[in-house]
Amino acid sequence: MKKALITGISGQDGSYLAELLLAKGYQVHGVIRQSSMENHQKLFFLKDISDRITLHICSLNNHLSIYKLIDAVKPDECYHLAAASFVSYSFEDEASILATNLNPTHYFLSSIKELVPQCRFYFAGSSELFGNAELSPQTEGTRFNPRSIYGISKLASHYVVKNYREHHGLYACTGYCYNHESPRRNPAFVSRKITSAAAKILLKLENHIQLGNVDAIRDWGYAPEYVEAMWMMLNNPLGAKDYIIATGIPHTVRDLLAIAFSFVGLDYTNYLEINSNFFRPSEQVPLLGDASKIYQDLGWRPKIRLEEIVKEMVLQDLNLFKS
């Protein structure tokens with residue numbers, strides 16, 4: 001039986017990945033913070049599989065803690081999904097974001113190299129590596145040009161992954177994941193902010209939604225499909241390769257608004273308030289991913305359309321706020 005170790009297991013991607021790996025017969029281990037053990041609400045997405053996974057409390061900013069974890073679990077596959085993932089364009093917390101996203105990646109790879117060099121390592125990259133992209137859609141050959149500290153931290157981590165693959169012979173790869181959504185999406189993200197607002201307004205719990213640039217373009221996919229791509233990358237007969245995981249289909253925030261509100265029979269224009277404080281620098285070239293390489297190599301392609309994703313999210317939020 002293969003053993004998998006997942007950081008960020010209590011989040012959207014980690015919980016879906018844990019379910020996928022259990023279905024494939026894996027022994028699943030997850031990394032959580034002490035605060036998650038003290039606040040069980042943070043483990044909500046794991047409630048249905050809690051008796052089939054093993055959770056480990058570990059400080060990801062402590063090399064010795066990670067070394068001991070790898071030595072104890074000795075995983076066959078390691079999925080490093082945990083990160084300071086909210087993309088901020090302020091420079092108030094640069095050091096924390098850089099340390100949180102870069103150091104653990106290095107600690108995991110160095111510990112794997114010493115203790116279980118046969119372990120396969122997946123790093124959760126991001127479309128933010130491309131940032132101010134030169135062309136659209138982006139491919140694996142597009143030049144990186146991050147414009148946020150988050151993107152810079154992810155790029156630095158990616159180069160650590162690349163270094164351990166090329167110079168130390170580890171099976172280590174990066175998935176460049178574009179936006180991917182589900183009912184488990186953190187409410188801080190615009191997609192969930194919109195679906196929860198549609199539900200709350202229908203239920204008379206709120207009367208408006210404030211957003212920034214509703215004409216911003218995004219490449220939105222479905223999280224359960226994206227974690228399947230992660231697993232395929234660590235079981236690639238061609239060896240360790242980096243891939244873009246995306247739909248390549250452009251949608252605006254306005255599109256998502258219209259889908260969510262029309263699903264509950266409302267016209268979003270009656271409830272939308274534009275707040276300039278929510279504007280972030282807009283891309284000159286849209287961040288859209290060309291996932292043709294992973295399709296050619298592994299047969300992965302997205303199937304669930306944005307309309308289906310948004311409806312599932314709205315239904316979840318309706319049930320949540322009704323109860």
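## Burial and overall build

A residue is called buried when its relative accessible area is under 20%, exposed when that area is over 50%, and partly exposed in between (1.4 Å probe, protein chains only). By that rule, 51% of the 323 residues of the protein chain are buried. This is a predicted model, in which local features need pLDDT of at least 70 and side-chain atom pairs count only at pLDDT 80 or more, while totals for chains, interfaces and linings use all residues. Residues are numbered from 1 along each chain as its sequence is written, and side-chain values use heavy atoms, with hydrogens and water left out.

The protein chain holds ten helices and 13 strands; these are DSSP runs (helices H or I, at least four residues; strands E, at least two), numbered from the N terminus. Its radius of gyration is 20 Å, in agreement with the value near 20 Å that a compact globule of 323 residues would have. That radius is taken over C-alpha atoms, and the globule rule is 2.2 Å times the number of residues to the power 0.38. Along the principal axes, the C-alpha atoms fill a box of roughly 60 × 45 × 40 Å.

## Contacts, surface and charge

Here a contact means heavy atoms within 4.5 Å. Take the contacts between residues at least 6 apart in sequence: 81% of them join residues at least 24 apart.

The protein chain exposes about 14,500 Å², with carbon and sulfur atoms supplying 50% of it; accessible areas come from the Shrake-Rupley method with a 1.4 Å probe, and for residues only the protein chains shown count as cover. As for charge, there are 32 positive and 33 negative charges, and their mean positions are 3 Å apart. Lys and Arg count as positive and Asp and Glu as negative, without His or the chain ends, and each charge is placed at NZ of Lys, CZ of Arg, CG of Asp or CD of Glu.

## Cysteines

With a disulfide defined as a pair of cysteine sulfur atoms within 2.5 Å, the structure holds zero of them. C58 is in no disulfide, and the nearest cysteine sulfur, that of C78, is 10 Å away. For C119, the closest cysteine sulfur also belongs to C78, at 5.4 Å, which is too far for a bond. C58 counts as buried because its relative accessibility is 7%, and C119 counts as buried at 1%.

## The end of α3

V73 belongs to helix α3 (residues 63-73) and is buried, with 2% relative accessibility. Leaving aside neighbours within four places in sequence, V73 is in contact with K3, H29 and H56. L115 is 42 residues from V73 along the chain, and their C-alpha atoms are separated by 10 Å.

K74 sits in the loop between α3 and β4 (77-80). At 39% relative accessibility, K74 is partly exposed, and its phi is near 45°, a positive value in a residue other than glycine.

Which residues of α8 are buried? In this helix (residues 253-263), they are V253, L256, L257, I259, A260 and F261. As background, an α-helix has 3.6 residues a turn, so residues three or four places apart point the same way. Just after α8, G265 takes a positive phi of about 75°.

## Loops worth a look

Two residues to look at lie in the loop between β5 (120-124) and α5 (149-168), namely P137 and S127. The peptide bond from S136 to P137 is cis, with omega near 0°. Most residues other than glycine have a negative phi, and most peptide bonds are trans. S127 is buried, with a relative accessible area of 4%, and touches C177, Y178, N179 and L287, not counting residues up to four places away in sequence. From S127 to F144 the C-alpha distance is 9.5 Å, across 17 residues in sequence.

R184 is in the loop between β7 (180-181) and α6 (190-202). This arginine is buried, at 16% relative accessibility. Not counting residues up to four places away in sequence, R184 touches Q12, S15, Y16, E19 and F45. K204, in the loop between α6 and β8, is exposed, with a relative accessible area of 75%. Although K204 is not a glycine, its phi is positive, at about 65°.
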